[in-house]
Amino acid sequence: MKVRQNGRGSNDAPHGCGNGRLSGRFLAKLVPYGEASDGMTVVPARSNEWVRPVTSHEPASAIIEIDRVSQVFQTSARRDHVALSDISLTIEEGAFVSILGPSGCGKSTLLYIVGGFVSPTNGTARMKGQAITGPGPDRGPVFQEFALFPWKTVLGNVMYGPRQQGVRAAEAEAQSRTLIEMVGLKGFENFYPKELSGGMKQRVALARTLAYHPEVLLMDEPFGALDAHTRTRLQNDLLNIWERDRKTVLFVTHSVDEAVFLSDKVVMMSKSPGRIREVIDIDLPRPRRRTELLLDPRYQKYVVDIERMFDDGDEAGPAL
Amino acid sequence: MMPPATLTRRAAPVLACIGLLAVWQVASLALKNDSFPTAIEAIRAIPDILGDKESLINILASLRRMAIGFGVAVLVSIPLGLLMGRSRGVAAFFNPLLMVIYPVPKAALMPIIMLWLGVGDITKTLVIFLGVSLPVIYHSFEGAKAVEEKMLWSGAAMGLSPAQRLLRIVLPAALPEILTGCRTGLVLALITMITSEMIARQSGAGNILFNALDMGQYDTVFAMIIIVGAMGICLDAIFERVRARLVRWSEPQFDMPLSFS
Ligand SMILES: Nc1ncnc2c1ncn2[C@@H]1O[C@H](COP(=O)(O)OP(=O)(O)OP(=O)(O)O)[C@@H](O)[C@H]1O
Ligand SMILES: [Mg+2]
């Protein structure tokens, strides 16, 4: 059986049934592997990108494994600062995982380790079973600081990745223009980064990373600087892309609301030293519509529960 | 019709020159000193110099040495500075060396270089090269060091190799700073050019100047000063045009010496 469905018609289907491709993955999580993978072949919508069916190696296989990772920084005061302590986390292929935690708890650092930009002091991170030793186009970062190329226009920035990957100029340009339009920057193609607002830069950074089709998106508070309206729109766009391409997303955010809305899994971290406190599975039907979710008691319960957990943590020992 | 503001801005350098010449004229008339000709006398001597084939050859020889010295210095210094900025090992090796060379007036090295290489073109070009190199290395180094890490990470994630990152990210990102160094280098090239010709007199614009001084032809001396000064101003203005065009994308910078545009 080939399950392939992007339809938006099954909004109100009972959880875990209606949406073929998604429920396939959810089932795989809930049911023993043999049953879930029974004849189930998940084919991504854009098969030229991602030809291999998920089941060809393992059903709901782990794409990223973080294995007892610690990160110690030598601070200027010559004191060791433990940014991450003994983090273990497995992220399944195609999952949308959010990392939630107070400022300075090591969310960015964890993302850098998965990106291969920082090598952990202890432990290993693996991508598809291979130890991560450096950056690669299979993992696309969207940095908190945007890090756009200031000497390139918006179009030049977005085209940079595809061009580097050997896509022909005309094709890369056409794709990039589509992406720029998607992030709502049509008409700004020839602007330089210094001529953009913070929120616009953030959207260019998102488009630039999406442009080279990384399998895993590593997003560090990508919607932090956006107004509520644009934020909602981009959240929806991101979910659409995710549902279409089945990318794995590791998403850092401060917003509980955003984490619950977008994710399959929310990883809650605590500070000093950065640890994983709790991993919460978000069992809400997809595709998700913000307006519907806001009224959904299950959604509300997730948000309230997570916020409570943070409050408890603060009372238990804020300056641990 | 240009708006008044633009007109004022364009006219300002011209007005400044006229003002300077006027002050000169008045001062020299007041002092009535033999060795201080009036501005008009000096300007009158200019066509004589520029009309003289011998002088012209001398000036062109100076410019050629300056162009070669400057060009080679830039071609060597930019890669070296960028490498130093991005590699601790390279920086650790070259930094002490440059720290020693930096404060030494390059012209002070000339006697030794003359001893080894003679008084010809090579010596003078080498001195110009040394004079230009240091500011260009320094600014390239600082520019490369300041390149935002996340920008390099973005490049690495797109699959750029270290060499490609140096060429396609560090170089453009550091370009405003590099060009600041080059602009300083250009002025220094002119200075070292004249200085070298003053020490190893044989040909060149400096040679004309100091020969005239020896022979008491003060109007020629001052005319040469005007010519050399005008050369510097023109070169700097042209360079500034090119620079502004190359780094239009960057924030405006205000740390330029001898801003003249
Ligand atoms: N290069 C570094 N050198 C020393 N300490 C560092 C370095 N990078 C991060 N840290 C420390 O590690 C901790 C985690 O930093 P990180 O940037 O990962 O936090 P974060 O969770 O992303 O915070 P925010 O939500 O504010 O972005 C902080 O306490 C920070 O001081
Ligand atoms: Mg961060």
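Predicted model: local features only at pLDDT ≥ 70, side-chain atom pairs only at ≥ 80, totals over all residues.

Two strands count as paired if DSSP finds at least two bridges between them. In that sense, A:Asp220 stands opposite A:Val252 in strand S10 of chain A.

**Strand S10 of chain A**

- S10(A) covers residues 248–253, and six of its six residues are buried, so the strand is largely enclosed by the rest of the structure.
- A:Thr248, A:Leu250 and A:Val252 point one way from S10(A), while A:Val249, A:Phe251 and A:Thr253 point the other way. Residues on both sides are buried, which here means under 20% relative accessible area.
- Strand S9 of chain A, residues 216–220, pairs with S10(A) in the parallel sense, and five bridges join the two.
- Strand S5 of chain A, residues 96–100, also pairs with S10(A) in the parallel sense, over five bridges. Within this pairing, A:Phe251 of S10(A) has A:Ser98 opposite.
- Helix H7 of chain A, residues 228–245, together with S9(A) and S10(A), makes a right-handed β-α-β unit.

**Strand S11 of chain A**

- S11(A) runs over residues 265–270; six of the six are buried, so this strand too is largely enclosed by the rest of the structure.
- From S11(A), A:Lys265, A:Val267 and A:Met269 point one way, and A:Val266, A:Met268 and A:Ser270 point the other way. Each of these residues is buried, A:Lys265 included.
- S5(A) pairs with S11(A) in the parallel sense over four bridges. A:Ser98 has A:Val266 as its bridge partner in S11(A), and A:Ser98 also stands opposite A:Phe251 in S10(A).
- Strand S12 of chain A, residues 275–281, pairs with S11(A) in the antiparallel sense over six bridges. A:Val279 in S12(A) is opposite A:Val267.
- A hairpin is formed by S11(A) and S12(A), with four residues between them. In the turn, A:Ser272 has a positive phi of about 45°.

**Ligand 1**

- There are 13 residues around ligand 1, and those that come nearest are A:Ser103, A:Gly104, A:Lys107, A:Ser108 and A:Thr109.
- By class, the shell around ligand 1 holds eight polar, three nonpolar and two charged residues.
- A side-chain N or O atom of A:Lys107 is 2.7 Å from an oxygen atom of ligand 1.
- For A:Cys105, a backbone N or O atom lies 3.2 Å from an oxygen atom of the ligand.
- The side chain of A:Gln144 has an N or O atom 3.0 Å from an oxygen atom of ligand 1.
- Ligand 1 exposes 630 Å² when taken alone, and the protein buries 65% of that area.
- Strand S4 (80–92) and helix H3 (107–115) of chain A are the elements that give two or more residues to the shell around ligand 1. H3(A) supplies the largest share, three residues.

**Chain B**

- Chain B has 10 helices and zero strands, and its pattern along the sequence is α-α-α-α-α-α-α-α-α-α.
- The C-alpha trace of chain B spans about 70 × 60 × 30 Å along its principal axes.
- Of the 261 residues in chain B, 43% are buried.

How values were computed: Residues numbered from 1 in each chain as written. Chains lettered and ligands numbered in written order. Heavy atoms only, no water. Buried < 20%, exposed > 50% of the residue type's maximum accessible area, 1.4 Å probe, protein only. Right-handed = clockwise from strand over helix to strand, strands pointing away. Near = heavy atom within 4 Å. Polar contact = N/O pair within 3.5 Å; in protein donor to acceptor, adjacent residues only side chain to side chain. Areas by Shrake-Rupley, 256 points an atom, 1.4 Å probe, with all protein chains shown as cover. Nonpolar A, V, L, I, M, F, W, Y, C, P; charged D, E, K, R; others polar.
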